[in-house]
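Okay, thanks for coming, everyone. Let me put the sequence and the model up, and then we can walk through it together.

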Amino acid sequence: MNKIYTENQIQQIAHELLSNTKSKKLCFYGDMGAGKTTLIKALVKELGGKNIANSPTFGIVNEYNLPNGEILGHHFDFYRLNDETEALDLGFEDYLYQDNWVFIEWAEKINSFLPEDCQRVTIEVVSPNERRITL
């Protein structure tokens, strides 16, 4: 998948990403402000999450649930990590062994701990209103 899109197409992009991903572990790469969190919000909505997704920058991890209370997945934002071993203190590896969705922003900060089956999602700013997504 390699597409240019605008924010008003984000829900369609989320649908296509979910149709094309090889894993429930999604690693997001892109500059600050590229739209990683915006896309994750659309993914949670597309998956039927009852929560509105938001950036877990300060809490580092958010949990999203389905309307019936089951866990849909977890959203990590590792921007503030100083050392990748801090992810282990959060029990990060335990989340990888669950059969839930895992969305990882700033995945490059924890390269040593990323699972081999992680789907890499790169978002690039093309223009002020356009982004390119590459799987």
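Predicted model: local features only at pLDDT ≥ 70, side-chain atom pairs only at ≥ 80, totals over all residues.

Residues are numbered from 1 along each chain as its sequence is written, and side-chain values use heavy atoms, with hydrogens and water left out.

Helices (H or I, at least four residues) and strands (E, at least two) are DSSP runs, numbered from the N terminus. Strands pair when DSSP finds at least two bridges between them. What we get is an open sheet of 7 strands, ordered β1-β7-β6-β2-β5-β4-β3, and the pairing is mixed. β1 (2-5) and β3 (61-65) are the edges; each has a single partner strand, so one side of each has no neighbour in the sheet. Neighbouring strands are turned by 20 degrees against each other on average, ignoring direction; axes here are lines fitted to C-alpha atoms, for helices over the stretch in contact, with angles from 0 to 180 degrees between N-to-C directions.

Now look at β5. Strand β4 (residues 71-77) runs parallel to β5, with 5 bridges, and G73 sits opposite W101. β2 is also parallel to β5, over 4 bridges, with K25 partnered by V102. How many residues of β5 are buried? 5 of the 5, so the strand is largely enclosed by the rest of the structure. Buried, by the way, means under 20% relative accessible area, exposed is over 50%, and partly exposed is in between (1.4 Å probe, protein chains only). W101, F103 and E105 point one way, V102 and I104 the other.

Next, helix α1, residues 10-20. It lies across β1, β2, β5, β6 and β7, at about 165 degrees to β1. I10, I13, A14, E16, L17 and L18 are its buried residues, and their cover includes α2 (36-46) as well as β1, β2, β5, β6 and β7; contact means heavy atoms within 4.5 Å.

On to the disulfide, meaning cysteine sulfurs within 2.5 Å. The search finds 1 in the whole structure: C27 to C118, S to S 2.0 Å. C27 is in β2 and C118 in the loop between β5 and β6, so the pair ties together parts 91 residues apart in sequence. The S-S torsion is about 115 degrees, so it's right-handed. Both cysteines, C27 and C118, are buried.

Salt bridges: that's a Lys or Arg side-chain nitrogen within 4 Å of an Asp or Glu carboxyl oxygen. There are 2. K3 pairs with E16, closest N and O 2.9 Å apart, so β1 and α1 are tied together. K3 is partly exposed at 34%, whereas E16 is buried at 17%. D99 meets K24 at 3.5 Å, N to O, linking the loop between α4 (92-96) and β5 to the loop between α1 and β2, 75 residues apart. D99 is exposed at 62%; K24 is partly exposed at 29%.

Last one: N129. It's in the loop between β6 and β7, exposed at 59%, and touches Y5, T6 and E7, leaving out residues up to four places away in sequence.
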